[in-house]
Amino acid sequence: MSAVAGTVLVLNSGSSSLKYQLLHPETGEVVHGGIVERIGETEVPDHKAALRQVFEEFAGRGLDLTDGAGSPAGIAAVGHRVVHGGRSFHSPTLIDDHVLAEIRRLSSLAPLHNPANAQGIEVARELLPGVKQVAVFDTAFFFDLPPAAATYAIDRELAAEHALRRYGFHGTSHEYVSQQAAAFLGRPTSEVDQIVLHLGNGASASAVRGGRAVDTSMGLTPLEGLVMGTRSGDVDPGLVLHLGRSLGMSIDQIDDLLNRRSGLKGLAGENDFRALGALIEQGDEHAKLAYDVYIHRLRRYIGAYLVDLGGADAITFTAGVGENAAQVRADALAGLERFGIVVDPARNTGRVTEPTRISPDEAPVAVLVVPTNEELAIAREAAAL
Ligand code: ADP
């Protein structure tokens, strides 16, 4: 057996980057992983060259990804993270020409992401022709949102014609983390109602009833909802009209403003939470307000989802900020004792690397920190197909 036997190569292609990880889907053991950045700006002209470089890097470590590819001795599958599955995809899907064409077609809904995802798939199919390629969609977990949660109150015919609805993103993480949380509590997922807070550079919240998503904070695009590193999250849609009509900003300028120059970055000049914390300690007022706006929005969603669910068994924090920033966890849930929500300061300390309860054992709501692992979730989905 070769060293790569039974592994899954997980690829996450961004517009100018390629994240990769080769891992064993059962154990989660990572053989090797990394990221190729600034594709197109450097000596790596495109995703094909990037993937070639990745293959060479593996070969340099004595791992030949093409060796026995598709046979029991070689890698078992390639799992591709695909951002938008639109109305077409609601579960991990074996990729053929038709599926690839559909992922491309959905680029109108995710212009920054789906074209890069499609390119990654195309190149991987070419370089590893014998290996099954599986697309795992960021939207899939939210495909079955109840209509009341998925529907925008706009002209219904226009919405139907153009597939305008709330899709939700980070679904792989929300699903994985909610399952891990239920397992940690020793209960079947079907019996646990929980709020999942995925707080990374991008951030989203979801309400999960018995393992199924019933609401989520991101919408047609990953711009809706929580305050994020560089994204505004919720604003009055009238603001967008005002920026165009009264300030004469173009659609591209507004896109750039709301996606890249807003959120913590827009308010405090910093999108990294550690740097934000340092600014607050220095007495920076803008950083303090940015933090307060972030927490205010987060608490608003927690409140909404508590009502959505009619009370929660668990509230689960994950991703870079959720796993590391104890202060955020404490502030997000401060003063909610009457709802059965308590954070124990002695348990809520810093960085968490395995599922952990930060509420007292006897508190009615279990407050948990559960590290996410999207690569492992994708690898398992790909291997299971
Ligand atoms: P993404 O995958 O969305 O790029 P991550 O889940 O890796 O993001 O989260 C990145 C965020 O996590 C950044 O804002 C970073 O500052 C924050 N973060 C990482 N480590 C810490 C830490 N020790 N304390 C506070 N925030 C942290």
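L94 stands opposite V134 in β6, and in that strand the bridge partner of T93 is A135. These contacts belong to the pairing of β5 with β6, which is antiparallel and runs over 2 bridges; two strands are taken to pair if DSSP finds at least two bridges between them, and strands (E, at least two residues) and helices (H or I, at least four residues) are DSSP runs numbered from the N terminus. The model is a predicted one, in which local features need pLDDT of at least 70 and side-chain atom pairs count only at pLDDT 80 or more, while totals for chains, interfaces and linings use all residues. Residues are numbered from 1 along each chain as its sequence is written, and side-chain values use heavy atoms, with hydrogens and water left out.

Strands of a sheet pair through backbone hydrogen bonds, either parallel or antiparallel. β6 also pairs with β4, here in the parallel sense and over 6 bridges, and A77 stands opposite K132 in β6. The open sheet that holds these strands has 6 of them in the order β3-β2-β1-β4-β6-β5, with mixed pairing. Because β3 (30-36) and β5 stand at the edges with a single partner strand each, one side of each is left without a neighbour in the sheet. β6 is mostly covered, since 5 of its 6 residues are buried, where buried means under 20% relative accessible area, exposed over 50% and partly exposed in between, with a 1.4 Å probe and protein chains only. Helix α1 (residues 47-60) lies across β1 (8-13), β2 (18-23) and β3, and runs at about 35° to β2; such angles run from 0 to 180 degrees between N-to-C directions, and axes are lines fitted to C-alpha atoms, for helices over the stretch in contact.

A second open sheet again has mixed pairing, with 6 strands in the order β9-β8-β7-β10-β12-β11. Its edge strands are β9 and β11 (356-357), each of which pairs on one side only. β11 runs antiparallel to strand β12 (residues 366-369) and is joined to that strand by 2 bridges, and T356 stands opposite V369 in β12. Helix α11 packs on this sheet, touching β7 (193-199), β8 (203-209), β9 and β10 (314-318), and its direction makes about 160° with that of β7; contact here means heavy atoms within 4.5 Å.

Which helices pack at an angle of about 90°? They are helix α6 (residues 171-185) and helix α14 (residues 374-384), whose axes are 9 Å apart. α6 and α14 are therefore roughly perpendicular to each other, a label that covers 65 to 115 degrees, while angles under 35 degrees count as roughly parallel, over 145 as roughly antiparallel and the rest as oblique. From α6, T172, S173, E175 and Y176 meet E374, L376, A377, I378 and E381 of α14. By class, this contact of α6 with α14 has 4 nonpolar, 2 polar and 3 charged residues, with Ala, Val, Leu, Ile, Met, Phe, Trp, Tyr, Cys and Pro counted as nonpolar, Asp, Glu, Lys and Arg as charged, and the others, Gly among them, as polar.

The aromatic side chains come next. A search of the whole structure finds 6 aromatic pairs, where rings of Phe, Tyr and Trp (its six-membered ring) pair if their centres lie within 6.5 Å, and planes under 30 degrees apart count as stacked, over 60 as edge-to-face and the rest as tilted. The rings of F89 and F137 are stacked, because their centres are 4.5 Å apart and their planes stand at 5°. F89 lies in the loop between β4 (77-82) and β5 (93-94) and F137 in strand β6 (residues 132-137), so the pair ties together parts that are 48 residues apart in sequence. Both F89 and F137 are buried. F273 and Y291, by contrast, form an edge-to-face pair, with 6.2 Å centre to centre and 70° between the planes. This pair links distant parts of the chain, as F273 is in helix α10 (residues 273-281) and Y291 in helix α11 (residues 285-309), 18 residues apart. F273 is buried with a relative accessible area of 16%, and Y291 is buried with 10%; together with Y294, F273 and Y291 form one aromatic cluster.
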